[in-house]
Amino acid sequence: MTTPWINRIGTAVPGHDIHRAFVDWAVAQPVEERERRLFLRMAERSGIVHRWSVLPHAPDGGSPVAPGGFYDGGAMPSTGVRMARYAEAAPALAERAVRALGETGPVSHLVVASCTGFVAPGVDQLLAARLGLPGDVERTLIGFMGCYAAVAALRTAHHIVRSTPAARVLVVTVELSTLHLQPEERLEPLLAMLQFGDGAAAALVTAEPGGLSIEQPFSETLPDSEGLIRWTIGDHGFAMHLSGAVPQRIGEALATPDLRARLAGERIAVHAGGRSILDAVEHALALPGDALAASRAVLREHGNMSSSTLMFTLARLLGQAGDGVAVAFGPGLAAEGFRFRSAA
């Protein structure tokens, strides 16, 4: 039976680091002094140092919330304005990730995942045109699945290669979370926005041994948890709801024998949704202190890039020996993943 392999992964982030500017903006919101102090403590403990944005610097070189910036005072940009920026910036950043792969050879299938914007022709078509792919390339666009969409995209490639062993599948994730800043005075939404940054990743999946295999995909929706992670599309962007109860709910789920057994392995690549989520996984599975080093490094350097985050983590594991499992959590609340082994 044909085994699909992630042969290579390329990654890309924009050049504008907005993490510190966001923290300064958040503490200036009209929140209670107690919550302001709590936010600052949580920001310091977040494990995040950098988050990158496609949004340009303000005219004086400042951040998107500075005078003249994308979010400068007054009414927030409309969803239409934000989507116009997505249509321009998402294909460009996705192309950078593909170029980082190097030579891909002929591509038969293109699978693109994104949940932070909508445009038609889709980001898959726009990217195919930028890459000069032939008009008969088979395209699949996976939208609005959130943080575990990378698993869905790689799983789609897995099924394609198993059914057509000669296929060469280009899998791309691109997320522009910083397009969706919301005016907020409540602590929980501010902490949710603290996590997110922009990034893109691309993987070449074929039947040629090399890199990481994709084996035994799994999906598990946790009962009575559908309200814990939500995106709401409004007149001024997409509002993210990320409940503070998510880490505890994940920890409880990982205590169940079935899900716990699925995550057993020498290595584990966990979507870096936030420090508390990584802590919950580490504690629930009784992992050694360095088991999630790759995930924590991605969180530190890039924050949570939604679907791209797991791909960045897998990129750090390429070339390392050993079997393992990849898993991401997202809306539902659901866990999506697959087992892998290394050709190294």
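Analyst: Let's start with a term: buried means under 20% relative accessible area, exposed means over 50%, and partly exposed is in between (1.4 Å probe, protein chains only). This is a predicted model, where local features need pLDDT of at least 70, side-chain atom pairs count only at pLDDT 80 or more, and totals for chains, interfaces and linings use all residues. Residues are numbered from 1 along each chain as its sequence is written, and side-chain values use heavy atoms, with hydrogens and water left out.

User: Is Met145 buried, exposed or partly exposed?

Analyst: Met145 is partly exposed, because its relative accessible area is 25%.

User: Where does Met145 sit?

Analyst: Met145 is in the loop between strand E5 (138–143) and helix H5 (149–163). Helices (H or I, at least four residues) and strands (E, at least two) are DSSP runs, numbered from the N terminus.

User: And what does Met145 touch?

Analyst: Leaving out residues up to four places away in sequence, Met145 touches Cys115, Ala152 and Pro331. Contact means heavy atoms within 4.5 Å.

User: New topic: helix H2. Which of its residues are buried?

Analyst: Glu35, Arg36, Phe39 and Ala43 are buried in H2. Down the axis of H2, the buried residues fall within an arc of 105°, so they line one face of the helix. That arc is taken from the directions from the helix axis to the C-beta atoms.

User: What do those buried residues pack against?

Analyst: They pack against helix H1 (19–27) and helix H6 (187–194). The face of H2 turned away from the buried side carries Arg34 and Glu44, which are exposed.

User: How many residues of strand E7 are buried?

Analyst: Nine of the nine residues in E7 (198–206) are buried. Both faces are covered. Asp198 and Ala200 are among those on one side, and Gly199 and Ala201 are among those on the other.

User: Which strands pair with E7?

Analyst: Strand E1 (residues 5–12) pairs with E7 in the antiparallel sense, over seven bridges. Strand E6 (residues 169–176) also pairs with E7 in the antiparallel sense, over eight bridges. Two strands pair if DSSP finds at least two bridges between them.

User: What about the open sheet of four strands: what is its order?

Analyst: The order is E9-E14-E13-E12, with mixed pairing. Strand E9 (215–221) and strand E12 (267–270) are the edge strands, and each pairs on one side only. E12 pairs with strand E13 (residues 323–330) in the parallel sense, over four bridges. Val270 has Val327 in E13 as its bridge partner.

User: Last topic: aromatic rings. How many aromatic pairs are there?

Analyst: First the rule: rings of Phe, Tyr and Trp (its six-membered ring) pair if their centres lie within 6.5 Å; planes under 30 degrees apart count as stacked, over 60 as edge-to-face and the rest as tilted. By this rule there are seven aromatic pairs. Phe70 and Tyr71 form one that is edge-to-face, at 5.0 Å centre to centre and 85° between the planes. Phe144 and Phe238 form another edge-to-face pair, at 5.9 Å and 85°.

User: How far apart in the chain are Phe144 and Phe238?

Analyst: They are 94 residues apart, so the pair links distant parts of the chain. Phe144 lies in the loop between E5 and H5, and Phe238 lies in strand E11 (residues 237–242). Phe144 is partly exposed, with a relative accessible area of 31%. Phe238 counts as buried, at 1% relative accessibility. Ring pairs link Phe118, Phe144, Trp231 and Phe238 into a cluster.
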